[in-house]
There are 2 protein chains.
Amino acid sequence: MSKTAAKDRTQITMRDIARMAGVSESTVSRALAGSQLVAEHTRLRILELARSTKYAVNEHARNLALGQTRTIEVLFPIERGTLQRVSDPFFVDMVAELIDALSTHDYDVLLSTSPPWSEVRPGCAFLGGRADGVIFVGQGRHREEIAEFARDNRIVVTWGAGGRRDEGCVIGTDNVRGGYLAARHLIALGRRQIAFLGDCTLPEIEERYEGYCAALREAGMEPGDALRINAPFDIDGARTVTVGLDRFGRHFDAIFAASDMIAMAAMANLQAAGARIPDDVAVVGFDDVAMAAHMHPALTTVRQNIAEGAQLMTAKIMAMLQGEKPKGEMLPAKLIIRDSCGAPLSMRQESGDQT
Amino acid sequence: MSKTAAKDRTQITMRDIARMAGVSESTVSRALAGSQLVAEHTRLRILELARSTKYAVNEHARNLALGQTRTIEVLFPIERGTLQRVSDPFFVDMVAELIDALSTHDYDVLLSTSPPWSEVRPGCAFLGGRADGVIFVGQGRHREEIAEFARDNRIVVTWGAGGRRDEGCVIGTDNVRGGYLAARHLIALGRRQIAFLGDCTLPEIEERYEGYCAALREAGMEPGDALRINAPFDIDGARTVTVGLDRFGRHFDAIFAASDMIAMAAMANLQAAGARIPDDVAVVGFDDVAMAAHMHPALTTVRQNIAEGAQLMTAKIMAMLQGEKPKGEMLPAKLIIRDSCGAPLSMRQESGDQT
DNA sequence: CTGTTAGCGCATTCAC
DNA sequence: GTGAATGCGCTAACAG
């Protein structure tokens, strides 16, 4: 009973409508595919029949015959089992844009959280021919595994920290530059004790930290661990920020947060502690999520162009499907100056914020 | 060239490893399926061979033969083409939990944003046998279409506003109750001019508004349009809030926002305008996203248990797959009292907030 | 223009 | 225990 249930759903097949139309399956197939090799009236008759019977071609059979899937697997960097939830608007946007971009090319999106190297079962892991390619949305703590996977499989694109080594096609924002811009901006505003909030064990974050360090050194300051607060993305991230802030008290006059969500949490914590933003502490975030412009004060941040990123990744993977071997690319980071950093109005015009 | 590229990827098949192992395909199939009808040593040999050659069964062929897909389609309520982006952490969480719950049952998730009724192409729309069932994450502006679709197709579960009529299996938070709790709470705190922020053309929001109205009437007040501010979820939502607030000035002393994101935006706008929260304006949100507890002031909100919702939807759809016909269910809404409403400490103990 | 044939990769009766 | 045969639903040559 339980076994048959799924199989029972006597799906109407191509043969059925072929019989109903009094033609062969081939003709139906052609008609549905919009082939020119079929008379207009029979085509219309078949189409009408298909609509009225709510027939839809079985994609499995189709893909099996065609040897393709028209599906891209999108892998999330969420640690399963752990309570780590990302819950960052950045990901919704990215996935939504990815779906948009891919469906423009008539590709479906198979979403997953368990990477191919976590082989729970023998041969049932990943690209079982269900997807033509894979997109990793972020590297998480698996940069090496992803790189290796990309070397083994042709059709792989990953979003994350730029490939210095042979990591396949990696697309991402210029995190180093972004971090640099953020820190330089704060320094230009006269801040000297700039705390960094973020988990540097994540490749993207590490790059942002790197840029931050570069800006500091350029200004003759030496970045120190005392101003580096480990703030993970997970659900406890904000709490960690609190702890961090408590720990360092007012030993800093600015914060560069590795993500907007972290920045928002930090701002709330600071304000709760009575600090004025940006007067006492200037804050700069990273991502420019939709909420950023609507915080109080409005968040100065480094914008990642998600739509462009999604489209670029899609283009890359389409190219790979065509047999090409595209290289990774870096999207420019852009500083969006708002209120949380305390910049004078004169500086904003240059940044060209269109909020 | 471009046509062949995809097909060229000479996937190693079952026949290949059958030959290599010197057995028949049947035996390989059985070995990989963990059947008892195969000698231990040959099984191990085959498994080893499969691993070393990185072989993975072709899911299309498998599904075609089995008549099932082990895939659930998850539909997003995002309007394609429009610039409407949800970008709400609520969705990441929901999708992540859904993936978790479904993969526990060995089901994959096919993500999509184009509903089955938007038949762009003839017969290539939706359940082309690629998925065993569908989950709608929210009804958006398509409650009727979804209801109809659920009537036609057996395996459909939707998250949203409870089914008063024959809408199939609808799971959702008790929005009416949630709205009622929020408004009642504000009234109990002495607020009298309670604005409602949200787009009532969305079923879930409409229900929250309904509960809000019930609480007002219970207290002898008549809800009026003057206090109802249309604040859509999309990217311009926060801006609309601003407009709304400007329009009404200080004619309200409290706000019930239909989502936490709206609440946060409203809070920021209020604070920017010099209003003190909760002194001048008390705020209550809806969802309890991770950020809510880390706002300043911490947001009082109505919690939706997303994990439970995802698990429940998964359970329902699994039941449907077994041939059962489960009914929709409503998850309890829970008021989480924090700081933005100005409630005295004594009220919090009762609410049992575990932040 | 249309029907016939063959095969995509795998699971599953059956025989052996 | 294992192999041979059959079919899942569809597409793509191949003949008419």
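A: **The surface around the DNA**

Sorted by class, the surface near DNA strand C comprises 12 nonpolar, nine polar and three charged residues. Here, near means that a heavy atom of the residue lies within 4 Å of the molecule or strand. As for the classes, Ala, Val, Leu, Ile, Met, Phe, Trp, Tyr, Cys and Pro are nonpolar, Asp, Glu, Lys and Arg are charged, and the others, Gly among them, are polar. Keep in mind that this is a predicted model, where local features need pLDDT of at least 70 and side-chain atom pairs count only at pLDDT 80 or more, while totals for chains, interfaces and linings use all residues. Residues are numbered from 1 along each chain as its sequence is written, chains are lettered from A and ligands numbered from 1 in the order in which they are written, and side-chain values use heavy atoms, with hydrogens and water left out.

Let's stay with DNA strand C. It has 24 residues around it, and the closest come from both chains: Ser26(A), Thr27(A), Met14(B), Ser29(B) and Tyr55(B). Of its atoms within 4 Å of the protein, 65% are sugar or phosphate, and bases make up the rest. The bases do get some polar attention, though. Ser26(A) puts a polar side-chain atom 2.8 Å from a base oxygen, and Ser26(B) has a side-chain N or O atom 3.1 Å from a base oxygen. Ala61(B) uses its backbone instead, with a polar atom 3.3 Å from a base nitrogen. The elements that give two or more residues to this surface are helix 3 and helix 5 of chain A plus helix 3 and helix 5 of chain B. Helix 5 of chain B gives the most, with four residues. (Helices are DSSP runs of H or I with at least four residues, strands are runs of E with at least two, and both are numbered from the N terminus.)

Now for DNA strand D. Of the 25 residues around it, Met14(A), Ser29(A), Tyr55(A), Thr27(B) and Ala39(B) come nearest. Sugar and phosphate make up 63% of the atoms of DNA strand D that come within 4 Å of the protein. By class, its surface has 12 nonpolar, nine polar and four charged residues. Ser26(A) turns up here as well, with a polar side-chain atom 3.1 Å from a base nitrogen of DNA strand D. At the phosphates, a polar side-chain atom of Tyr55(A) lies 2.4 Å from an oxygen, and a polar backbone atom of Ala39(B) is 2.8 Å from one. The elements with two or more residues on this surface are helix 3 (25-33) and helix 5 (59-66) of each of chains A and B.

What does the record say about this stretch? UniProt, in an unreviewed entry, places "domain: HTH lacI-type" at residues 12-66 of chain A; its positions are given in the numbering used here, feature names are shortened, and annotations may be inferred rather than shown by experiment. The span is 69% helix and 0% strand, with its end C-alpha atoms 21 Å apart.

Helix 2 (residues 14-21) of chain A buries Met14(A), Ile17(A), Ala18(A) and Ala21(A). Seen down the helix axis, those residues fall within an arc of 110°, so they line one face; the arc is taken from the directions from the axis to the C-beta atoms. The face turned away from the buried side carries the exposed Arg19(A) and Met20(A). (Buried is under 20% relative accessible area, exposed over 50%, partly exposed in between, with a 1.4 Å probe on the protein chains only.)

Four of the five residues of strand 2 (residues 108-112) of chain A are buried, so the rest of the structure largely encloses it.

One last stop: Arg303(A) lies in strand 10 (residues 300-303) of chain A and is buried at 19% relative accessible area. Its side chain makes a polar contact of 2.7 Å with that of Asp288(A). (A polar contact is a pair of N or O atoms within 3.5 Å; within protein, one must be able to donate a hydrogen and the other to accept it, and residues adjacent in sequence count only if both atoms are side-chain atoms.)
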